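Please find below a note on the model under review.

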Amino acid sequence: MSAPYAGAPAPGVEVCAVVLAAGEGTRLRPLTERVPKALCPVGNIPLLDRALARLAGLGLTGPERVAVNACYLGDQVVARVGDRAHLSVEPDAPLGTAGGVGRLREWIAGRGVLVGNADAYLADPQAPPGPDIAALLHGWDGHGVRLLGRPADDPDAPGTFDGHEFVGFSLLPWRLVRDLPATFGDLVRAVWRPAEAAGALTVVPYRGTFYDTGTPADYLAANLHAAGPGGLVDPAATVDGRVTGSVVGTGARVHGDVDRSVVWPGATVAAGERLREVIRAGDDLTVPAAR
């Protein structure tokens, strides 16, 4: 029996974790033509690292208990993960959320599985990463499906569950995972909606802030939230311009004016440039991000 962790399920119920990091991040192009979405930094920390830290906060660490899937620009994901997790590299095209989990059935091997989207940004001022989602696991008997959610603006809108929108993490029983094929599919149709129809789906409310970071506007909003009102400038950045309310990554060089923006690690803002509500990558890529 592995060591217990915060928010543990019922005695005798084993849980592993899968971080989904194979997607192409098409809505974030052209940023994701250079870096997979899972490695885009939020508050100068790659999203994938944030997901792994949240699992570590639950006591879920190492390749026996945590898996990461990869496909698009997968070599970058593999290099970033290293020996921190078991790797499932999908060879041709991403298999989707259900197919990615299905391809890991032999590794999951009878356990319940906590599935997290690498691109989910979560922050709760009342609890650190891990304990902030512990209610999802607490007392789980290994049979029903649980989703982490927050109240939707329109409780009856398509895509909601019991009036909530999904916020990046779900808990799946082995009895449903064991039949998932390693072919393209999504968890909404394959698992969540059938469980909902059978009365076997529970939404666990999340009280913190959530962004899915899928669009430039939400990606910028997540960065500004992570930075706080004073902004965040990495100590290894060079700044002789003006920076207000922004995130500036390590090795970046800012000689112009930057306001409410994200400057990626190693990027340059030339003297005379004035950036507002954009993402700057490298020396030549500027992505507008205002809503």
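The numbered points below begin with the basis of the analysis.

1. Basis. This is a predicted model, in which local features need pLDDT of at least 70 and side-chain atom pairs count only at pLDDT 80 or more, while totals for chains, interfaces and linings use all residues. Residues are numbered from 1 along each chain as its sequence is written, and side-chain values use heavy atoms, with hydrogens and water left out.

2. The sheet. Seven strands make up an open sheet of mixed pairing, in the order S5-S4-S1-S6-S9-S8-S10. Helices (H or I, at least four residues) and strands (E, at least two) are DSSP runs numbered from the N terminus, and two strands pair if DSSP finds at least two bridges between them. The edges are formed by strand S5 (86–89) and S10, each of which pairs on one side only. From one strand to the next, the twist averages 30°; axes are lines fitted to C-alpha atoms, for helices over the stretch in contact, and angles run from 0 to 180 degrees between N-to-C directions.

3. Pairing at S10. Strands of a sheet pair through backbone hydrogen bonds, either parallel or antiparallel. Here S8 and S10 are parallel and share five bridges. Leu148 has Val204 in S10 as its bridge partner.

4. Helices on the sheet. Helix H1 (residues 47–56) lies across strand S1 (15–20), strand S4 (66–70), strand S6 (112–117) and S9, and runs at about 170° to S1. Helix H6 (residues 187–197) also packs on the sheet, where it touches S6, S8, S9 and S10, and its direction makes about 95° with that of S9. Contact means heavy atoms within 4.5 Å.

5. Asp124 and Arg207. The whole structure contains 17 salt bridges, each defined as a side-chain nitrogen of Lys or Arg within 4 Å of a carboxyl oxygen of Asp or Glu. One of them joins Asp124 to Arg207, with the closest N and O atoms 2.6 Å apart. Asp124 lies in the loop between strand S7 (121–123) and strand S8 (145–151), and Arg207 in the loop between strand S10 (201–205) and strand S11 (209–211), so the pair ties together parts that are 83 residues apart in sequence. Asp124 is buried at 8% relative accessibility, whereas Arg207 is exposed at 55%. Buried means under 20% relative accessible area, exposed over 50%, and partly exposed in between (1.4 Å probe, protein chains only).

6. Glu165 and Arg150. In this salt bridge the closest N and O atoms are 2.5 Å apart. Because Glu165 belongs to strand S9 (residues 164–172) and Arg150 to strand S8, the pair ties together parts 15 residues apart in sequence. Glu165 is partly exposed at 27%, and Arg150 is partly exposed at 26%.

7. Glu277 forms a salt bridge with Arg260, their closest N and O atoms being 3.3 Å apart. Glu277 sits in the loop between strand S20 (274–276) and strand S21 (278–281), and Arg260 in the loop between strand S17 (257–259) and strand S18 (262–263), 17 residues apart. Glu277 is buried at 18%, while Arg260 is partly exposed at 34%. Salt bridges link Asp259, Arg260, Arg276 and Glu277 in a network.

8. Cysteines. How many disulfides does the structure hold? There are zero disulfides, a disulfide being a pair of cysteine sulfur atoms within 2.5 Å. For Cys40, the closest cysteine sulfur is that of Cys71, 16 Å away and too far for a bond. Cys40 is buried at 1% relative accessibility, and Cys16 is buried at 0%.
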